[in-house]
Amino acid sequence: MKKLIWGTWLIVTTCLASYYGYTLFKADNKEALLIGDASHGHFQIEMACTVCHTSAFGGTESLQESCVNCHAEELEEAHDSHPQKKFTDPRNASQLETIDARYCVSCHTEHQKEQTNPMGLTLPKDYCFHCHQDIGEERDSHKNLTFDSCASAGCHNYHDNRALYEDFLLENHQDSWVKQVAKITEANAASTLAAQFIPTPLPPFAEKKEEHPDIHKDWSSSAHASGNVDCAGCHSTDQLQWIEKPGIEQCQTCHMNEVEGYQAGKHGMRLALNMAGISPAESSLPFKEQSLVLQQSCNSCHEPHTSNTQFASKEACLGCHNDQHSLAFEASPHGQLLNNAIAGRLPANEAVSCATCHMPRQEKNHHGTKVIEVNHNQNHNLRPNEKMIRPVCMQCHSLGFSIDALADEQLINNNFTGKPSAHIPSIDWAIRRSEN
Amino acid sequence: MKMKKPVVFAAVITSVLSVTACKEEPQASAGISPQQYTDSLFAVMNADRANYTKLIVQRLGPKGAGAIKPDEHWKDIENGALLPAQMFRAGSEAVSKITDKFTYSLQSTWPINKQNAPKTALEKEGLKFISDNPGKNFYGEEKLGDVTYYTAVYPDVAVSPACTSCHNDHKDSPKDDFKIGDVMGGVVIRVPL
């Protein structure tokens, strides 16, 4: 009997070890090793285990390196208020026993989707208490405030406070709620840079133009035609051979900045890892039924032969996204501005589309050449939404209105149709303190 | 002949000990005490800080050539430059990326940023000592987490009107009557033992 039990144990153990060993080292599909669903920020790449788990025995340090590899640049740009370097001094040892703020995973633990809050936070929301419990004694305005309201009421963020710090509030408190409708600058990154990267002369592929007269007609009035990017500009390999269906590799020849942004956001992060593009069906966000089978690529939003950026800036978004905010766009004040511009009643550069806020135009220095590019990482300014205040909202609105509006969930849902229902007192408190 | 084995054994032991001794840390063999170590570090820090204040901030700032704008929010303004205290902290943060053999920080009993107030019992004792005993340094040992540290505290003295006016006028400063020559805070250097 004993032999039978031991024999069974040995066989079961060997089978399990073989199965998980094969899955770990050989199999393409490693789903069996998932210890829990990844958060909304990482679910697209949860099967690309080695992106984060670079070393089997690396521990927290190794994971931290992976976080930094992808997120260091944006934290630097955000003037991170709580960088790791603030916590490495041994004098913080007692505080680190409660929250080890040297490591991202202390607050953003992955594979615990069921207890992951907005911003990927896996701590209770009153985490500020552990270091700032005396704030009520220092500032009368903060007495009796609950610690779960610090970062959820439009006043503070853990990492990015560029639009919220006290001196900035004081410097920008006086404008009326609508300052002026800003004129959107024409993007010129690709047209400025294309000539540097497209080899000349290119084959004419004249027979292709004859085969596809409709496509050739569309192309003739496109930005590609204006920039002298002929069929071969996209449809040829480095060896000047014809490519039937150009992909992201061809697009990024000229649109390298845009592709870099696209691949850093949720739309394109899989493509950055040579995985198949994400499909709406795989997301937990509300999407339109007919879009569920689609798959992300440059062409999802940009029809290549017309290069119609008007389509890409609204219709492409609303073709898939089916949440309240998206559905309310057409009837919203911003949507009306866009419709009036399309109808010719407003200058085109005063239109406000989905892309105006979620993919804003920004000045970049590309190896000494200043260009205006569209930031194709639509997550760049999305969470926390106060990231949007300075580069987007304040182009037209006051700081106070922007803070109030972005803290009003109902107003966000109806796409800013109306005024904020509540006032965030941070500017008032800053003024009062400066006057005392 | 009976003595041969013990002699060979002793020779081997001596050789091993010699090799081991050669691998010891240079400071141990050179005999530098922790106090000499921290005093030397402080000399460099203090000189760098004074040089940044005089040669950069005063020379190129608003009271000099006007080419830079030293400001608390230096990242957010054109031609912004770090305040001397921020430059000091930036140095400390940069050092922490290079070595864990020592750490240092600028602290005060009257800090503008409350996170720069003394936290540990020894920091509190040291800051009080240098304030009560102008011109003297404070040295001690403390255990933080699982590590014992040699901790030295050096007085940070107001050397220019820029130091006193900035602290006296800042809305977050708990003290507004600093004068030139006052101990405004202390530099805390910590060495793991």
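Two residues are in contact if their C-beta atoms, placed from the backbone, lie within 7 Å. Helices (H or I, at least four residues) and strands (E, at least two) are DSSP runs, numbered from the N terminus.

This is a predicted model: local features need pLDDT of at least 70, side-chain atom pairs count only at pLDDT 80 or more, and totals for chains, interfaces and linings use all residues. Residues are numbered from 1 along each chain as its sequence is written, while chains are lettered from A in the order in which they are written.

Start with chain A. An automatic or database assignment sets the domain bounds. It gives domain 1 (117–149) and domain 2 (189–413) of chain A. Their centres, taken over C-alpha atoms, lie 39 Å apart.

Now look at helix α16 (residues 309–318) of chain A. Ala312(A), Ser313(A) and Lys314(A) are buried there (20 or more other C-beta atoms within 10 Å of the residue's own, all placed from the backbone). Down the axis of α16(A), the buried residues fall within an arc of 150°, so they line one face of the helix. That arc is taken from the directions from the helix axis to the C-beta atoms. The cover over these buried residues includes α18 (333–342) and α19 (354–358) of chain A.

Turn to chain B. Its mean pLDDT (the predictor's confidence in each residue, from 0 to 100) is 87, and 84% of the residues score at least 70. Residues 1–28 of chain B fall below 50. Where pLDDT is low, the predicted coordinates should not be read in detail.

Finally, the chains meet. Chain A brings eleven residues to the contact and chain B brings 16. The predictor gives the complex an ipTM of 0.84.

Note on methods
A residue is buried if 20 or more other C-beta atoms lie within 10 Å of its own, exposed if 12 or fewer, and partly exposed in between; C-beta atoms are placed from the backbone.
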